[in-house]
Every structure is written in C-alpha cells, then in structure tokens.
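Visitor: Hi, could you walk me through this one? I'd like to start with the overall fold and then look at the packing.
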Amino acid sequence: MPADFTHIYRTHFRLVCRLLRRWGVASKDLEDAAHDVFVVVHRRLETFDASTSAEAWLAAIAYRVASDWRRRAFQRQDLSVEMRDVVDTQPSALDRAQDREALSQVEQVLELLDEDQRTVFVLHEMEGHPIPALAQALDVPLNTLYSRLRLARQRFVGFIRQVRREATP
C-alpha cells in the first residue's frame, strides 16, 4: 500500500491543490487542506475501486474536504476572498496582468455558482472529467449532473457577456 499511496500523492498533489483552490479554499490553507485530502486517501486506499479513475475519486474526496474548509473559514468569520497568484513564465508584465484579469473573472463566476453547479463545472469543463464518471464518483444521478452543468454554463456565459458589454465603450 505505501508504494501506491506515494505514487498517487506524487502524481496528483497539484491536481488536488488546484481543485481545492477552485472550490474556495484560501491560498494560505491549500497545503493543509491538500494534506487533509491525502489523509483520507491513505485511510481509504484499500477501498478504492480501480474501475473508476483515480482523478475522479480524488476529486470527490477533495470536494468534501474543500466544503469542510469553507465551513470552518466561515465559522472563523474569515470571509476575505483571496486571489490565487498566477505563476507566469512569460516575462511580459502585460501578459501577467491579462492572465490575472482572466483568472479573476473566472473566479468571480465560480463564486456566483452554487456549490453543486461549481463542482460539476470545475470537474467537467476545467478538469476534463466525463459526466458519467463524475456521477459515479460523486454518487449523484447522471441527469442531475447534466442539469447542473447546463445551469453553470448558462451563468458562466452570461457573466462573460456582461463583462464584455461593460468593457466596450
């Protein structure tokens, strides 16, 4: 078991951090929350169903951990919204500013979505997981996930259109 856990940890740590951030875990708490995910992974590794993808399984665990972290942050009245720092290998300051603006807009949209819509949108649209695998991993009916995805897409597109209208002189 340690070799499998080590492989999962090394292979998927960045994915878990990215998902946690997209689900509202503050930047300063990402490492601790990610380790919480992997504590659960270690505890449940023997029950992992190899017929599902490891990414979907980890996403389901990360989703629950992120929910717990957000609840704890709310209870602490730590309601500040942090923006993830964009690491850009390009030297251009303009490129970095544009990336930050785009990231800010995406995070604003994600904050507008309810938790269920945000979950399916992030996992499907941003992480590329198929809806049937998500339905199985999250234990949610397939049609429910498709409905949540449709609503999330509508809100996302609506927000982007609004931003473009406001930016046009």
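Guide: Happy to; here is a short tour of this predicted model.

Visitor: How many helices and strands does the protein chain have?
Guide: The protein chain has seven helices and zero strands.

Visitor: And how much of the chain is buried?
Guide: Of its 169 residues, 38% count as buried. The accessible surface of the protein chain is about 10,200 Å², and carbon and sulfur atoms hold 52% of that.

Visitor: Let's go inside. Which residues have the most contacts inside the largest nonpolar core?
Guide: Those are Leu20, Trp23, Val37 and Val41, in a core of 41 residues.

Visitor: Which elements give two or more residues to this core?
Guide: They are α1 (2-22), α2 (30-44), α3 (54-75), α5 (115-126), α6 (131-138) and α7 (142-167). The largest share, 10 residues, comes from α3.

Visitor: Back to Val41, what is it in contact with, leaving aside neighbours within four places in sequence?
Guide: Val41 is in contact with Phe5, Ile8, Trp57, Leu58 and Ile61.

Visitor: New topic: at what angle do the axes of α5 and α7 cross?
Guide: They cross at roughly 90° and come within 8 Å. An angle from 65 to 115 degrees counts as roughly perpendicular, so α5 is roughly perpendicular to α7.

Visitor: Which residues meet there?
Guide: From α5, Val120, Phe121 and His124 are among them, and the α7 side includes Leu145, Leu149 and Phe156.

Visitor: How do the residues of that contact divide into nonpolar, polar and charged?
Guide: The contact of α5 with α7 has seven nonpolar, two polar and five charged residues.

Methods: Residues numbered from 1 in each chain as written. Predicted model: local features only at pLDDT ≥ 70, side-chain atom pairs only at ≥ 80, totals over all residues. Heavy atoms only, no water. Core = buried A, V, L, I, M, F, W, Y, C linked by side-chain atoms within 4.5 Å. Buried < 20%, exposed > 50% of the residue type's maximum accessible area, 1.4 Å probe, protein only. Helix = DSSP H or I, 4+ residues; strand = E, 2+ residues; numbered from the N terminus. Contact = heavy atoms within 4.5 Å. Areas by Shrake-Rupley, 256 points an atom, 1.4 Å probe, with all protein chains shown as cover. Axes fitted to C-alpha atoms, helices over the stretch in contact; angles between N-to-C directions. Parallel < 35°, antiparallel > 145°, perpendicular 65-115°, else oblique. Nonpolar A, V, L, I, M, F, W, Y, C, P; charged D, E, K, R; others polar.
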